[in-house]
Amino acid sequence: MEQRSKWKKIVLIAGLVVIAILAGIFYYRYEFVFGDGTKAGTVNYFVHKGYMFKTYEGRLIQSGIRTPVQGSIQSNEFMFSVIDAHVADILNKNAGAYLELHYKEYLHTLPWRGVSVFVVDSVMAIKPVSPTQP
């Protein structure tokens with residue numbers, strides 16, 4: 001009888017260790033903020049879409065991107081997701097303006113967080129763009 005309770009205790013501890021390791025792996029892969037920063041430019045695409053989880057997805061066009069080697073091409077688009085409806089509302093109301101966005105970078109995406117590993121969490125500055133005359 002005593003031998004049986006010893007094995008139950010070992011199995012219970014091993015099970016708890018496995019659960020703790022799996023929780024740690026999940027946290028590291030999906031919730032750990034790998035980096036954060038600021039991007040500036042003009043939002044030219046912003047949409048609320050999805051089949052099951054409706055998420056806000058956008059594209060920021062950055063100005064002034066230059067490549068170190070002449071003749072090469074470098075992307076000046078920043079694809080991002082937005083979780084907060086308040087931030088999404090600010091972006092919708094300021095389409096076409098020059099925006100500075102703060103973002104967090106995750107290692108992997110989650111369906112309810114969007115399709116991008118970059119998640120914009122705040123708008124730091126808004127500067128209206130004056131139209132240029134031809």
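## Strands facing each other

Valine 33 stands across from tyrosine 106 in strand 4. Strands here are DSSP runs of E with at least two residues, helices are runs of H or I with at least four residues, and both are numbered from the N terminus. That facing pair belongs to strand 1 and strand 4, which pair in the antiparallel sense over nine bridges; two strands count as paired if DSSP finds at least two bridges between them.

Before going on, a word on the model: it is predicted, with local features needing pLDDT of at least 70 and side-chain atom pairs counting only at pLDDT 80 or more, while totals for chains, interfaces and linings use all residues. Residues are numbered from 1 along each chain as its sequence is written, and side-chain values use heavy atoms, with hydrogens and water left out.

## The barrel

The protein chain has two helices and five strands, and from the N terminus on its elements go α-β-β-β-α-β-β. The five strands make a closed barrel in the order 1-2-3-5-4, with mixed pairing. On average, neighbouring strands of this sheet are turned by 50° against each other, direction ignored (axes are lines fitted to C-alpha atoms, for helices over the stretch in contact, and angles run from 0 to 180 degrees between N-to-C directions).

Strand 1 and strand 2 run antiparallel and are joined by seven bridges, with lysine 49 opposite threonine 55 in strand 2. These two strands form a hairpin with five residues between them, and glycine 50 in the turn has a positive phi of about 140°. Strand 4 (residues 98–106) and strand 5 (residues 118–127) are also antiparallel, pairing over eight bridges; here leucine 99 stands opposite isoleucine 126 in strand 5.

## Helix 2 on the sheet

Helix 2 (residues 85–93) packs on the sheet, and it touches strand 1 (33–49), strand 2 (55–61), strand 3 (77–82), strand 4 and strand 5. Contact means heavy atoms within 4.5 Å. The direction of helix 2 makes about 45° with that of strand 5.

Which residues of helix 2 are buried? Val87, Ala88 and Leu91 are, where buried means under 20% relative accessible area, exposed over 50% and partly exposed in between (1.4 Å probe, protein chains only). They cover an arc of only 100° around the axis, so they sit on the same side of helix 2; the arc is that of the directions from the helix axis to the C-beta atoms. The buried residues of helix 2 pack against strand 1, strand 2, strand 3, strand 4 and strand 5. On the other side of helix 2, His86 and Lys93 are exposed.

## Rings and charges

There are nine aromatic pairs in the structure. Rings of Phe, Tyr and Trp (its six-membered ring) pair if their centres lie within 6.5 Å; planes under 30 degrees apart count as stacked, over 60 as edge-to-face and the rest as tilted. Phenylalanine 78 and tyrosine 103 have ring centres 5.1 Å apart and planes at 55°, so this pair is tilted. It links distant parts of the chain, with phenylalanine 78 in strand 3 and tyrosine 103 in strand 4, 25 residues apart. Phenylalanine 78 is buried at a relative accessible area of 4%, and tyrosine 103 counts as buried at 11% relative accessibility. Phe46, Tyr56, Phe78, Phe80, Tyr103 and Phe118 form one aromatic cluster.

Two arginines sit over tyrosine rings. Arginine 59 lies over the face of tyrosine 45, 5.0 Å from the ring centre, and the charged end of arginine 113 is over the ring of tyrosine 106, 3.8 Å from its centre. The criterion is NZ of Lys or CZ of Arg within 6 Å of the ring centre and within 35 degrees of the ring normal.
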